[in-house]
Amino acid sequence: MDGGGVLTRPASPLWAGLRQRCPHCGEAPVFSAYLRLKASCGACGADFRTADAGDGPAVFVILVVGALAAPLVVLLQFVLHWPAWSALGVPMMMAVGLSLALLPIFKATLFALQWAHKARQALNADLEDR
Ligand SMILES: [Zn+2]
C-alpha cells in the first residue's frame, strides 16, 4: 500500500524529516525544488503522491518563529531602547529568514510522520465511506 520496496528497517520519521529524505528508505531527497515533493523516491520507488502535509508545516513554523520574534521585538524596543525601525526590522528579517529555512524541514518531517502513521489510508477510508 505504501508503494515502496521491501525494507528490513524503515527510516525514523523524525530523522528522515530533519534530513529531508525519503520517509520509507531514508536515502533519496523528498524535494525536487524548494518545497515541491517528488512524485516518488529515487532510491526505493515509494509513491509520494499518496500523502500531503498541506498547510500543517506553515502553522508550526508560524508558531515557532512567532514565539521567537515577538519577544525579540519587545526586548529590542523596550529593554535595549533600539529605534523603532530597527527594533521591528531586525526581528522581521530574522522571521523571514528563519521561516524560509524551517519550512522544508517541517514539511519533510510532517510528511514523514504522515507516512509512518499511514495517515493517507485513513483519508482514503474516510472518502470511501461517503
Ligand atoms: Zn525511498
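**Helical organisation and core of the predicted model**

From the N terminus on, the elements of the protein chain follow the order α-α-α-α. The model is predicted, and it contains four helices and zero strands. Of the 130 residues in the protein chain, 24% are buried. Among contacts between residues at least 6 apart in sequence, those that join residues at least 24 apart account for 51%.

Helix α2 spans residues 56–79 and comprises 24 residues. The distance from its first C-alpha to its last is 34 Å, close to the 34 Å expected at 1.5 Å a residue. After α2 comes H81, which has a positive phi, near 55°.

The largest nonpolar core consists of 18 residues, of which C22, V30, C41, F48, F111 and A112 touch the most other members. Two or more residues are given to this core by each of the elements α2 and α3. Helix α3 provides the largest share, six residues.

One of the core residues that touch the most other members is C22. When neighbours within four places in sequence are left aside, C22 is in contact with A11, A16, E27, A28, V30, C41, A43, C44 and A46. Two of the residues in this list, V30 and C41, are also named with C22 among the core residues that touch the most other members.

Methods:
Residues are numbered from 1 along each chain as its sequence is written. This is a predicted model: local features need pLDDT of at least 70, side-chain atom pairs count only at pLDDT 80 or more; totals for chains, interfaces and linings use all residues. The expected span of a helix is 1.5 Å times one less than its number of residues. A residue is buried if 20 or more other C-beta atoms lie within 10 Å of its own, exposed if 12 or fewer, and partly exposed in between; C-beta atoms are placed from the backbone. Two residues are in contact if their C-beta atoms, placed from the backbone, lie within 7 Å. A nonpolar core is a set of buried Ala, Val, Leu, Ile, Met, Phe, Trp, Tyr and Cys residues joined through C-beta atoms within 7 Å.
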